[in-house]
Each structure stands twice: as C-alpha cells, then as structure tokens.
Amino acid sequence: MGNLLGSWRFKEPSTVEECDSTWGSDSEGDEPAAAGDDSGVSGSVSPADSERAAGEPGERSPQLTDSPDSVPKMKRSFYAARDLYKYRHSYPNYRKSRQPNEYRNLRFYLNKIPLVPDGIYIEEILTKWRGDYDKLEHNHTYIQWLFPLREQGLNFYAHELTQEEIKEFQSTREAKRRFLAAYSLMLDFYGIKLLDKSGNVARAPNWKERFQHLNESQHNYLRITRILKSLGELGYEAFKAPLVHLFLEESLSHNTLPSMQHSVLEYFVYTIRLPATRRRLLRYARKHYRPPHGFMWGPPPKKRGGGGSTGAGSSGIRAPAPTPEQQRRGEEMSPSAGSRIIVSSHDAVVYQEGAGGGLKGGPSNMAGLEGALMMAGARGERNEYNDIVPL
C-alpha cells in the first residue's frame with residue numbers, strides 16, 4: 001500500500017478555475033468556512049507538471065505594470081493564481097531540502113545571526129531603521145529575512161522556511177515579538193499603523209506622503225504579497241484580512257492608491273486561505289470597482305451545455321479543430337488540435353501547450369502558429385503569459 005500511495009502525487013491545477021475555490025459554493029451568504037484550506041485537485045502527474053511558477057528576475061509582472069484601465073481587456077493571470085494556490089495549500093509538491101535544517105530564520109529573529117549579505121542584526125533594523133524610508137525603499141536584501149517563506153526569493157542567501165522551523169518559531173515568544181515589530185515597521189513605511197493584537201490597521205499620520213510613494217514605487221506590491229504570505233506561515237493569518245480590506249478601501253473607494261487596484265485583487269486577496277473571507281472582500285470590491293463590467297474576480301459565469309468556448313479564467317486559446325479534409329488525410333492543423341496557445345506579451349514568444357500539459361516552443365514556433373494567432377487576436381482572445389517573480 002505504501003508503494004502504491006507513493007506513486008501518486010498532487011496534481012497541479014491547469015486553469016484559473018481549478019486554482020480558485022473562492023466561489024466553489026456559488027453562495028452569496030457568508031456561510032462558515034471549512035476548518036482547513038480550500039480544497040484541491042489530486043491525482044497522478046508527471047514530473048514535468050510540477051515546475052515552479054516563479055519566473056526569472058527581470059521578467060515582467062502584472063503586479064508592476066498593468067494599469068486598472070486595461071482590466072476589461074485582460075484575463076486573470078493563471079501563473080498568479082497557481083502561485084497563490086500552492087501557497088494556500090502549503091506547497092503540495094514541496095520537496096524537503098537535503099541540507100540540514102539550521103533554523104537560520106529563527107536564529108536571525110533571536111538576534112543570534114545577522115542577515116546575509118549585509119551583516120545586519122534584527123535589533124538594528126527594528127531600532128534604527130524605523131522612519132528611515134530611503135533605506136527601507138532602496139535596500140533589497142532585508143525583506144526576505146524579515147518575512148521568510150517556504151519558497152526561494154531573489155536573495156539567495158536567505159533560507160527557505162521549513163515546517164519544523166515554523167513550529168519552533170510559533171512557540172518562541174521572543175521571535176514572535178520581533179516579527180510583529182517588523183510588521184509594524186513595514187506598515188509605517190507604507191503609511192499604516194497597527195492598532196491592536198488582532199491585526200486591525202488604519203491610516204498613519206503620515207499616510208498622504210507614504211501613499212503617494214506607494215503609488216509610484218510599485219515594486220512594493222511584491223513586498224506586500226510576501227509580507228501577507230509570511231503572516232500566514234508564522235501564525236498571523238487573521239492579520240491579513242484587515243490589511244487587505246484597507247487596501248481595497250483606499251484603492252477602490254477613496255482612490256488614494258489607484259495604482260494598487262490590480263495587485264490587491266489579483267494577489268493580496270488570494271493570499272487569504274479561508275474562502276469565506278475572500279468572498280467577503282471580493283463582494284466589497286465588486287460594489288466599488290469601476291467600470292463594473294471590468295470586474296473579473298467574481299463568481300464564474302454559469303457554464304452552458306455544448307461547451308467548446310473558454311471561460312474568462314482559461315489559461316490559453318483553444319486551437320481550431322481539423323477540417324473534414326484534413327481529418328480524411330489524417331493531418332492536423334498547426335498547432336495541434338486540442339492544444340492551447342500561450343502568448344508572452346513581454347517578449348513576443350509563442351508557446352504551445354499540448355495535451356500532456358507541457359509547454360514547448362519559442363520564437364521558432366512563430367511561423368507555424370501565425371495563422372491561429374491571427375484568428376485569436378481578431379477575436380480578442382490573447383491571454384497574458386506572466387510568471388511570478390518572488391522577492
């Protein structure tokens with residue numbers, strides 16, 4: 001039995017709909033959420049299906065550049081949805097490191113070792129960096145140490161969290177005290193203050209200046225995504241909703257953070273593990289989003305019989321079926337029938353996703369897929385292909 005179970009692995013989702021169980025009950029009531037995370041899809045997959053969603057440094061991220069004005073023409077990013085799906089499900093394909101667990105994140109928070117490569121101790125950051133907004137803005141190595149995750153970021157000197165280290169961290173009062181101080185430090189940097197031990201937040205006295213900076217310095221949206229993830233990993237899941245709600249209110253209702261609209265809806269909301277909490281936040285957002293028809297994070301449209309068309313959350317463009325003449329000759333169109341075309345909007349590279357789920361192609365595929373892409377472009381069905389760049 002052990003060998004049989006060992007041959008089965010978690011099947012990664014292949015569409016936005018499979019990644020997002022927020023509206024799984026399709027209920028407009030705030031029914032109690034299940035005790036665990038939102039449900040996943042399981043099964044047997046090949047190793048090729050378990051590649052990480054993280055892109056290479058320097059790749060374009062929709063968090064950084066997509067304007068809310070373009071939302072009606074966009075579709076939800078499958079790669080963002082998959083990244084956050086894995087986070088909410090505790091990285092189901094996570095492979096334990098072969099290196100011994102040194103608890104370096106915990107030791108850093110106990111002020112026993114400095115962050116690398118800067119050689120700075122946590123107490124120095126907490127006591128001397130507060131209010132030093134230039135340093136917090138331009139230093140790009142501390143955020144991975146202050147808010148560790150079970151995934152690799154851009155600072156390769158920072159160690160990934162492990163389940164064992166998380167348990168030790170959550171049972172260490174000194175580490176938790178400093179972690180909340182670090183959270184308060186970053187909130188102040190963003191013009192927000194932590195009100196109480198329940199995680200409630202509000203505008204800080206310096207909010208106008210800091211919100212203006214946050215609108216202009218959008219790489220901080222990636223930092224905020226990391227902070228939200230780390231809160232959940234280290235026992236502060238309940239702190240996420242108040243912060244996300246504040247960002248929704250400021251970006252949608254008060255228009256003080258207009259540049260953040262897409263990030264808060266596409267990323268911040270989906271760091272929250274309980275579907276009922278996500279539903280409440282998205283219902284609030286739907287009431288205040290403009291233009292209303294551009295809101296694409298609500299319940300999916302009802303599927304009609306006969307199928308054949310892709311929904312708003314599909315991750316590609318379905319290739320046309322072979323003509324009767326091609327079927328008679330046993331030929332297939334290029335690209336192959338039943339495959340999907342994925343267009344990279346930032347490098348003009350075309351990828352073809354076959355029935356097996358793997359991506360193949362690149363610039364050399366451009367000519368072979370030109371006809372199908374022209375048809376897809378005429379129908380307005382081009383889909384974004386954007387990987388996540390974790391900080």
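Predicted model: local features only at pLDDT ≥ 70, side-chain atom pairs only at ≥ 80, totals over all residues.
1. Ground rules. Local features need pLDDT of at least 70 and side-chain atom pairs count only at pLDDT 80 or more, while totals for chains, interfaces and linings use all residues. Residues are numbered from 1 along each chain as its sequence is written, and side-chain values use heavy atoms, with hydrogens and water left out.

2. Serine 217. S217 sits in the loop between α11 (207-216) and α12 (220-233); helices are DSSP runs of H or I, at least four residues, numbered from the N terminus. S217 counts as buried because its relative accessible area is 9%, and buried means under 20% (1.4 Å probe, protein chains only). Its side chain makes polar contacts with the side chains of E137, at 2.5 Å, and N220, at 3.1 Å. A polar contact is a pair of N or O atoms within 3.5 Å, one able to donate a hydrogen and the other to accept it; residues adjacent in sequence count only if both atoms are side-chain atoms.

3. Helix α15. Of the 14 residues in α15, 10 are buried, including P275, L281 and Y284. The buried residues pack against α4 (78-88), α13 (240-253) and α14 (261-268).

4. Cores. A nonpolar core is a set of buried Ala, Val, Leu, Ile, Met, Phe, Trp, Tyr and Cys residues joined through side-chain atoms within 4.5 Å. The largest has 71 residues, of which L146, F247, L248 and F268 touch the most other members. Helix α10 (residues 173-189) gives the most to this core, with eight residues. Apart from it lies another core of six residues, among them V16 and Y85.

How values were computed. Helix = DSSP H or I, 4+ residues; strand = E, 2+ residues; numbered from the N terminus. Buried < 20%, exposed > 50% of the residue type's maximum accessible area, 1.4 Å probe, protein only. Contact = heavy atoms within 4.5 Å.
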